[in-house]
Amino acid sequence: MNTTTPHTPGIDTERITDLAGEVLDWRFKAVPAHAWGSTVAEFLATKPTLDDLGTPLLTLDASALEHNLHTMAAWCAAADVDLAPHGKTTMAPALWQRQLAAGARAITLANLAQVRVARAFGVQRIHLANSLLDPAGLYWITTELDRDPLFSFTCWADSVLTVDLLRQTLAHRPTSARPLDVCVELGAAGGRTGARTLHKAWATAQAIHAAPGLRLVGVSGYEGALAHDASPGSLTAVENYLRKMAALHDQLRDEGMLDAADATADSVITAGGSAYFDTVVREFAPARRTGTRILLRSGAYIVHDDGFYRTLSPLARGAGPVPLGSAMHGWARVISQPERALALLDGGKRDFPYDEGLPEPQLVRGDGRLRDRGRVTALNDQHTFLRDADVRVGDIVRLGLSHPCTAFDKWNLIPVVNDADAEQPHLVDMVRTFF
């Protein structure tokens, strides 16, 4: 949304720049009524501060975003791997543009609705980390492929039945000059999607390879569903799974079943959320030496957090010289103190993520600290329960948040401040989301 942003290949930068012309009104939480009728650019030109916004509020920190973008880009470059960040984390084309400008190869997405947003903003390389079985959606994708020779699209399949449905749907459309690129997905017991055995994955791969209109381009999977911490047992489970993925890829490659994923690449092997991407790179390293493209799909890194990823991220566990920093904060006002040790804040589940840990009180606006830090013990739809904190009605509390993947969906326009630690943070941008 920065009007000075230079052109970035792989996305329609002008369309993103146009978002600065969106008119502010009642649709956008925390935007003050006096700004209604102004465009985003006009409002930012008034140099608003945090005090100009209402509560509850979610903000992004400009310096932390920049740090995270360049830290992850540098790590991937040093590891000689590609990054297709998962766009569902933010659903913010302006942030996708920055990720692509920093060197990301593609944008990963999870469903057809998200792909449509990406195409509306001209994203040229899309990796759908899922199967695509909706006939109308599949037809639309193939027409997009035929219409735009620069558009690259890959989806997944984890069973022979999935491949049969793809083949049957494609058989009822006009002949396309371009095949649909598909990765065979290997899963694991207790995981999410994915063929549960190497035998079933191999059969699925054979079906893709043999199907008219389909092209087998690699092996895919998601290790994050198998572990939730960095304990030795969790790391071992992740390693064992990734080794099976690598073995499947090697067998398919040796049999000559894998095609190039696009005009500039060999086949692909892809895994890597935001928790174990260092393990992914280590276990897939032999495949890279044979010319295979290793594609990470980490999405949360650009925002990071003050909870789940704070300690689980590989860069917090010594996999890199510099850790990531949390770029998101919640702000909520004390509106009631019905008991001596209890304060109620005006933000809740509709405003802040809570599925991977409750918000953490960090400081009081204008004070710089919590005299007694206290703790959040529960969230209701519109309230936060803050206990044992030395606050009073009217105070604004900054909250550290956990899990950006369930934060952005609650806000359709997110203010970006220059420095969340400043006495008076200033707005420098506003990020539009499309959920």
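A: The model is predicted, so local features need pLDDT of at least 70 and side-chain atom pairs count only at pLDDT 80 or more, while totals for chains, interfaces and linings use all residues. Residues are numbered from 1 along each chain as its sequence is written, and side-chain values use heavy atoms, with hydrogens and water left out.

Rolling a probe the size of a water molecule over the atoms shows where empty space is left. On a 1 Å grid over the protein atoms alone, a cavity is a set of points where a 1.4 Å probe fits but cannot get out; a pocket is an open set with protein on both sides within 12 Å along at least five of seven lines; lining residues have an atom within 4 Å of a point. Points are joined across faces, edges and corners, and a volume is the space filled by probe spheres set on them.

The second largest cavity has a volume of about 50 Å³. Its lining divides into 5 nonpolar, 4 polar and 2 charged residues. Here Ala, Val, Leu, Ile, Met, Phe, Trp, Tyr, Cys and Pro count as nonpolar, Asp, Glu, Lys and Arg as charged, and the others, Gly among them, as polar. Over the whole structure, a search finds 3 cavities of 30 Å³ or more.

The largest pocket has a volume of about 600 Å³. Of the 31 residues that line this pocket, His86, Lys88, Arg192, Tyr222 and Tyr309 lie nearest its centre. Helix H11 (residues 308–312) contributes the most to it, with 3 residues; helices (H or I, at least four residues) and strands (E, at least two) are DSSP runs, numbered from the N terminus.

Finally, the packed parts. The largest nonpolar core has 126 residues, and Phe153 and Leu180 have the most contacts inside it. Apart from it lies another core, of 8 residues, among them Ala84, Ala129, Cys183 and Leu295. Such a core is a set of buried Ala, Val, Leu, Ile, Met, Phe, Trp, Tyr and Cys residues joined through side-chain atoms within 4.5 Å; buried means under 20% relative accessible area, exposed over 50%, partly exposed in between (1.4 Å probe, protein chains only).
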